[in-house]
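The tour goes from one selection to the next.

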Amino acid sequence: MKGIAMVSFVLLAMLATGCGPEGQRSGFILSGKEVPFPPDWKFTDDIKEIAIQVRTPYLIPHAVTIWCAQVDGQLYVGASAPSTKHWPGWVDKNPDVRLRIGDHIYAARLVPVDDAAAIATVRAAYTTKYKLGGTPITSVPEVRYWHVTPAPAA
């Protein structure tokens with residue numbers, strides 16, 4: 001019984017303190033200071049990787065690192081080969097997410113980008129930011145993008 005109690009304590013401690021993603025390793029809960037949704041995301045131009053926390057059907061949060069790009073101060077996130085990942089499908093079911101950028105946590109809602117012209121604009125922003133000019137992002141089998149909007153008031 002002591003072993004089960006110890007494992008439970010360790011798991012609860014990990015969840016309480018945050019066990020965020022690192023590189024290619026996914027995590028659970030993002031830690032950081034909750035801050036208001038910014039009106040302009042241009043500050044992300046110099047940030048290569050952010051973390052996103054999504055809700056899962058298992059009631060355990062799931063967090064991964066992703067790329068982001070801004071267009072005219074509006075933030076966009078994307079997933080390459082989304083059918084090979086779980087989190088894009090979970091976002092389809094519940095678009096409310098948390099983003100960690102640096103030490104700050106932002107509550108947000110992801111809105112799919114479906115318009116071809118908007119996709120081209122966002123793709124161009126990604127290509128410029130991540131210097132993908134030699135490797136066209138269009139060579140990726142599939143890429144989905146979402147516009148990051150404020151989370152609805154609770």
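Select Trp67 to begin. This residue is partly exposed, because its relative accessible area of 37% falls between the 20% limit for buried and the 50% limit for exposed. Keep in mind that this is a predicted model.

What are the distance between the ring centres of Trp67 and Tyr130 and the angle between their planes? The centres are 3.9 Å apart and the planes are at 10°, so this pair is stacked. Next, look at where the two residues sit in the chain. Trp67 is in the loop between strand 3 and strand 4 (68–71), while Tyr130 is in the loop between helix 3 (116–129) and strand 8. The pair therefore ties together parts that are 63 residues apart in sequence.

Zoom out for a moment. Searching the whole structure gives nine aromatic pairs. For another of them, select Tyr58 and Trp90: their ring centres lie 6.2 Å apart with the planes at 90°, so this pair is edge-to-face. It also links distant parts of the chain, 32 residues apart. Tyr58 belongs to the loop between strand 2 (50–54) and strand 3 (62–66), and Trp90 belongs to helix 2 (residues 87–93).

Trp90 is buried, because its value is 12%.

Next, select Phe37, Trp41, Phe43 and Tyr106 together; these residues form one aromatic cluster. Thr149 is buried, because its relative accessible area is 17%, below the 20% limit.

How many helices and strands does it have? There are three helices and eight strands, and along the sequence they follow the pattern α-β-β-β-β-β-α-β-β-α-β. The chain has 154 residues, of which 38% count as buried. Of the contacts between residues at least 6 apart in sequence, 69% join residues at least 24 apart. Switch to a surface view to end the tour: the chain exposes about 9100 Å², and 61% of that area comes from carbon and sulfur atoms.

Technical notes: Residues are numbered from 1 along each chain as its sequence is written. This is a predicted model: local features need pLDDT of at least 70, side-chain atom pairs count only at pLDDT 80 or more; totals for chains, interfaces and linings use all residues. Side-chain values use heavy atoms; hydrogens and water are left out. Helices (H or I, at least four residues) and strands (E, at least two) are DSSP runs, numbered from the N terminus. Buried means under 20% relative accessible area, exposed over 50%, partly exposed in between (1.4 Å probe, protein chains only). Contact means heavy atoms within 4.5 Å. Accessible areas come from the Shrake-Rupley method with a 1.4 Å probe; for residues, only the protein chains shown count as cover. Rings of Phe, Tyr and Trp (its six-membered ring) pair if their centres lie within 6.5 Å; planes under 30 degrees apart count as stacked, over 60 as edge-to-face and the rest as tilted.
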